[in-house]
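Dear colleague,

Please find below the structure that I am handing over to you.

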Amino acid sequence: MTTITIGIADTTFARVDMAESAISELKRNASVRIERYTVPGIKDLPVACKRLIEERSCDIVMALGMPGGDPKDKICAHEASQGIIMAQLMTNTHIIEVFVHEDEAASDRELAALSEARAMEHALNVIKLIEKPEALEREAGTGQRQGYADAGPARP
Amino acid sequence: MTTITIGIADTTFARVDMAESAISELKRNASVRIERYTVPGIKDLPVACKRLIEERSCDIVMALGMPGGDPKDKICAHEASQGIIMAQLMTNTHIIEVFVHEDEAASDRELAALSEARAMEHALNVIKLIEKPEALEREAGTGQRQGYADAGPARP
Amino acid sequence: MTTITIGIADTTFARVDMAESAISELKRNASVRIERYTVPGIKDLPVACKRLIEERSCDIVMALGMPGGDPKDKICAHEASQGIIMAQLMTNTHIIEVFVHEDEAASDRELAALSEARAMEHALNVIKLIEKPEALEREAGTGQRQGYADAGPARP
Amino acid sequence: MTTITIGIADTTFARVDMAESAISELKRNASVRIERYTVPGIKDLPVACKRLIEERSCDIVMALGMPGGDPKDKICAHEASQGIIMAQLMTNTHIIEVFVHEDEAASDRELAALSEARAMEHALNVIKLIEKPEALEREAGTGQRQGYADAGPARP
Amino acid sequence: MTTITIGIADTTFARVDMAESAISELKRNASVRIERYTVPGIKDLPVACKRLIEERSCDIVMALGMPGGDPKDKICAHEASQGIIMAQLMTNTHIIEVFVHEDEAASDRELAALSEARAMEHALNVIKLIEKPEALEREAGTGQRQGYADAGPARP
């Protein structure tokens, strides 16, 4: 097993240090080298992710962000997501978007817990995408969720 | 008739294993080789589809996904669809999007049935696009639907 | 006058065979060669149009589609339109979008009539774009409509 | 001062011949060569503008259009604007969008007056962008409007 | 420390000269060369930013704009933001978007103060992105805001 390089792009706007949770979980589960890139806000993430791939040799990237609850913030999140998808198409490389909307949680405590849980669960997805694609295939169509309880499969 | 390679990109988020239905229907109706690629969610599908085409030689791809019923999920579906269209334009290759919105069905049982039916009907479309374009031309303007009863043609 | 090649991309989802009306009108008015490409739905049109241009040498393309009345269908139409514009920018070639929204008409009969009229009027636009640009210039700012009565110019 | 080539892309859908106003104003204020390109509707403008730049050597382009008042027309305008921005990014060339929404005016007379005024004011912007960038810099942050009274600067 | 070149793209539409505040703050904090590019409105910013990068050798760009409060202006802002993200992906270079929506402030005085504060705070982000990435990393997940009081971190 060779060492994989994982880019972690995150923001100063977010109110939880999701990178910390993601990085610990990545290191706990694989032999990884981390490239970190912090930007001001989520709209700065797409180019940061693309540079992590093209200039800092990342095999895969996690884009961690926390859109605010305001309608204007929702549009920012939409624009950032479109850019992250385009960056993936331009590089043929996965960028796993880990966004926690500030209004998903009722309190700061809940927001922190949700953010950490989602970052950690997506860290495991990142490892599966790179090293164990067959593990993802086994979960296909089973209603997996990140940060919440899984929805589970809908049985006929 | 040469063997065609069909990519199947699907997600662990979906609550029904649409890939299974699609693959059986494809094999029942043509000589195909399947390349499977499972990702966490629908926003990961565009780059997976592009890689199936460019790195795993697929002649056509099916993108199977199940957006949740929440407004946020609807926006994710929109972003994924835009990315899937862009991936097609960058590769000059069809990617047949098979999305079942979780709120299209009133129960788990209905959701499973609808998902399987839609995946199977689109599997037939995939074969027609590659091997029998004249069959699609014969159905032009006839109000075909996938997973529901056909709307049929509007007669003057 | 050399023969021009006109691509006709249409769908099996549409409930009216607009291609038939478009093709007759094109043939009645110019020396044209037709390349037909039928796909399942409007989101499959952008790549079909691009392939008509790049792989089947079309000088111009008509993209015929009929979005349903449901909000979800409206979003599909939006995505298809964005893709059709991008396909034009990637090829420097016109793709005339002829979409009839199912809810533009109150009855099947009206839907069929509107679809045929719009397809025919846009067929004439296609010929003007390729062979008689000065005819379009004469109509600039005159409130032309396709399938409805013209709005006419707003006089000061 | 060398002659600059200015592309004028407009539509037959618009109800006012904005090109006429724009062209007179351009000629009154600079030594220009005009390349005119009329298309059916605003969604045909992006590729027309790109061709004016790449195939007819325009230094800058004005895209003149008049979206209708219907929600569907608003979406068309949005798609056209996105395409016009992309065309600029693909060519590194300005395309000044001059859109007048039909519902900006209460009467035909007002619509015509607004359209002509906006086309003329933007014609002056076009000349400044090409020949007098320092004139634009002097107006930075001063609340300029086209077709309406200027908003003026917000003083602290 | 070598001199960095910072592009400043702004508009005549804006009602506050944010460039002035940004430039003073940049000069106060680093050895910079400024390239200024003023355009009419925010939809002209994406190509101006791209040209600042590709034709005037900017290492990073600030895009300063002030969308109006009207729904139509909100859509313009969305289109401009999408273009700015695309321009970054095409150049692998940061463009820091500094938009102040006219309706964020209750009075002209407040609008001017907010605009200046946000431009200055983002000027510091620009310097950190180029010269002190480790300073941004230290602020990751701490709820930084520009022009308003920081939201601060959400503690578990």
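**The sheet of chain D**

In chain D, four strands make up an open sheet, arranged in the order E2-E1-E3-E4, with parallel pairing. The edges are taken by strand E2 (32-39) and strand E4 (95-99) of chain D; each has a single partner strand, so one side of each is left without a neighbour in the sheet. From one strand to the next, the twist averages 20 degrees. Please bear in mind throughout that this is a predicted model.

At one end of that order, strand E3 (residues 60-65) of chain D pairs with E4(D) in the parallel sense, over five bridges. Within E4(D), the residue standing opposite D:Ala63 is D:Glu97. Helix H1 (residues 18-29) of chain D packs on the sheet, where it touches strand E1 (4-11), E2, E3 and E4 of chain D. The direction of H1(D) makes about 165 degrees with that of E1(D).

**Strand E1 of chain E**

How many of the eight residues of strand E1 (residues 4-11) of chain E are buried? The count is six, so the strand is largely enclosed by the rest of the structure; a residue is called buried here if 20 or more other C-beta atoms lie within 10 Å of its own.

E1(E) has parallel pairings with two strands, E2(E) and E3(E). With strand E2 (residues 32-39) of chain E, the pairing runs over eight bridges, and E:Ile4 has E:Val32 as its bridge partner there. With strand E3 (residues 60-65) of chain E, the pairing runs over four bridges; in this case E:Ala9 is partnered by E:Ala63. Together with helix H1 (residues 18-29) of chain E, the strands E1(E) and E2(E) make a β-α-β unit, which is right-handed.

**The contact between chains E and A**

Finally, I describe where chain E meets chain A. The contact draws 28 residues from chain E and 33 residues from chain A. On the chain E side, at least two residues each come from helix H3 (71-91), strand E4 (95-99), helix H4 (108-131) and helix H5 (133-139). Which element gives the most to this side? That element is H3(E), with seven residues.

With kind regards

Methods
Residues are numbered from 1 along each chain as its sequence is written. Chains are lettered from A and ligands numbered from 1 in the order in which they are written. This is a predicted model: local features need pLDDT of at least 70, side-chain atom pairs count only at pLDDT 80 or more; totals for chains, interfaces and linings use all residues. Two residues are in contact if their C-beta atoms, placed from the backbone, lie within 7 Å. A residue is buried if 20 or more other C-beta atoms lie within 10 Å of its own, exposed if 12 or fewer, and partly exposed in between; C-beta atoms are placed from the backbone. Two strands pair if DSSP finds at least two bridges between them. A crossover is right-handed if, with the strands pointing away from the viewer, the path from the first strand over the helix to the second runs clockwise. Axes are lines fitted to C-alpha atoms, for helices over the stretch in contact, and angles run from 0 to 180 degrees between N-to-C directions.
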